[in-house]
Amino acid sequence: MTTGVAQSAGLPGHAGAHILRKETGDEVEFVLITYWTSWEAVQRFAGVDVSVAVLYPGDENFELIPSKTVDHHQVVFASQP
């Protein structure tokens with residue numbers, strides 16, 4: 001919350017985020033999903049190579065095993081509650 005989520009939330013074009021949590025045995029998996037208004041906004045956050053994950057110093061303090069790459073998807077439908 002204090003690194004990637006906070007940094008991305010302060011950028012123009014940031015449109016929200018979700019953090020998903022899943023327990024499997026003795027491990028917990030987290031998935032961060034961020035939403036952006038444009039591809040340019042994604043590049044402002046991620047840099048030129050948007051397939052490389054943005055990682056932060058101190059992540060290892062949480063015993064994270066981060067993915068080094070990320071996938072990007074375009075939202076084509078979203079329902080409203």
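Why does Trp36 count as buried?

1. Trp36 counts as buried because its relative accessibility is 18%, the cut-offs being under 20% relative accessible area for buried, over 50% for exposed, and partly exposed in between, with a 1.4 Å probe and protein chains only. The model is a predicted one, in which local features need pLDDT of at least 70 and side-chain atom pairs count only at pLDDT 80 or more, while totals for chains, interfaces and linings use all residues. Residues are numbered from 1 along each chain as its sequence is written, and side-chain values use heavy atoms, with hydrogens and water left out.

2. A search of the whole structure finds one aromatic pair, and this is the stacked pair of Trp36 and Phe45, at 5.5 Å centre to centre with 25° between the planes. For such pairs the ring centres of Phe, Tyr and Trp (its six-membered ring) lie within 6.5 Å, and planes under 30 degrees apart count as stacked, over 60 as edge-to-face and the rest as tilted. Phe45 also counts as buried, because its relative accessibility is 18%.

3. Trp36 and Phe45 belong to the largest nonpolar core, whose seven residues also include Ala41, Val42, Ala46, Val50 and Tyr56; a core of this kind is a set of buried Ala, Val, Leu, Ile, Met, Phe, Trp, Tyr and Cys residues joined through side-chain atoms within 4.5 Å. Helix α2 gives the most to this core, with four residues, where helices (H or I, at least four residues) and strands (E, at least two) are DSSP runs numbered from the N terminus.

4. Strands β1 (residues 14–24) and β2 (residues 27–36) run antiparallel and are joined by 10 bridges, whereas strands already count as paired if DSSP finds at least two bridges between them. Within this pairing Gly16 stands opposite Tyr35 in β2, and the two strands form a hairpin with two residues between them, where Gly25 in the turn has a positive phi of about 65°.

5. A search of the whole structure finds one salt bridge, in which the side chains of Glu23 and Arg21 meet at 2.8 Å, N to O; the criterion is a side-chain nitrogen of Lys or Arg within 4 Å of a carboxyl oxygen of Asp or Glu. Glu23 counts as exposed at 55% relative accessibility, and Arg21 is exposed with a relative accessible area of 53%.

6. Phe77 lies in the segment after α2 (39–46) and counts as exposed, because its relative accessibility is 68%. The C-alpha atoms of Phe77 and Ala6, 71 residues apart along the chain, are separated by 26 Å.
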